Amino acid sequence: MPQVASEAVQSLLSRAASLPARESWGRLRRAGGLTQSEVAAAIGVHRVQVARWESGKAEPRPPHRQDYALLLQGLAARHPSAAGNQPEEGADVS
């Protein structure tokens, strides 16, 4: 049973990965000089999936959400003007 609880906690942590505001995702990628193909290859998805995330047609899900959040957070730290300062819509800020 501890294994199940551990998997459940890992799932929650992956889902809770903090993403910046959606409208900044493409700006951050471009500010970092990255293509959608490069981001997709690094995360392990197809380029079309990154395009769908950036356009709001899809939401990154575990395990890719955590990697995408890490990338965007790193890009936001390097390019604060591209990041904006509002949390992702629907994010739990409590």
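Modeller: Contact here means heavy atoms within 4.5 Å. This is a predicted model, in which local features need pLDDT of at least 70, side-chain atom pairs count only at pLDDT 80 or more, and totals for chains, interfaces and linings use all residues. Residues are numbered from 1 along each chain as its sequence is written, and side-chain values use heavy atoms, with hydrogens and water left out.

Colleague: Which residues of α3 are buried?

Modeller: Buried means under 20% relative accessible area and exposed over 50%, with partly exposed in between (1.4 Å probe, protein chains only). On the other side of the helix, A41 and A42 are exposed. Within α3, residues 36-43, the buried ones are Q36, V39, A40 and I43.

Colleague: Why do these residues lie on the same side of α3?

Modeller: An α-helix has 3.6 residues a turn, so residues three or four places apart point the same way. The arc is taken from the directions from the helix axis to the C-beta atoms. They share one side of α3 because their arc around the axis is only 100°.

Colleague: What covers the buried residues of α3?

Modeller: Just after α3, G44 has a positive phi of about 95°. The cover of the buried residues includes α2 (25-31), α4 (47-55) and α5 (64-78).

How values were computed. Helix = DSSP H or I, 4+ residues; strand = E, 2+ residues; numbered from the N terminus.
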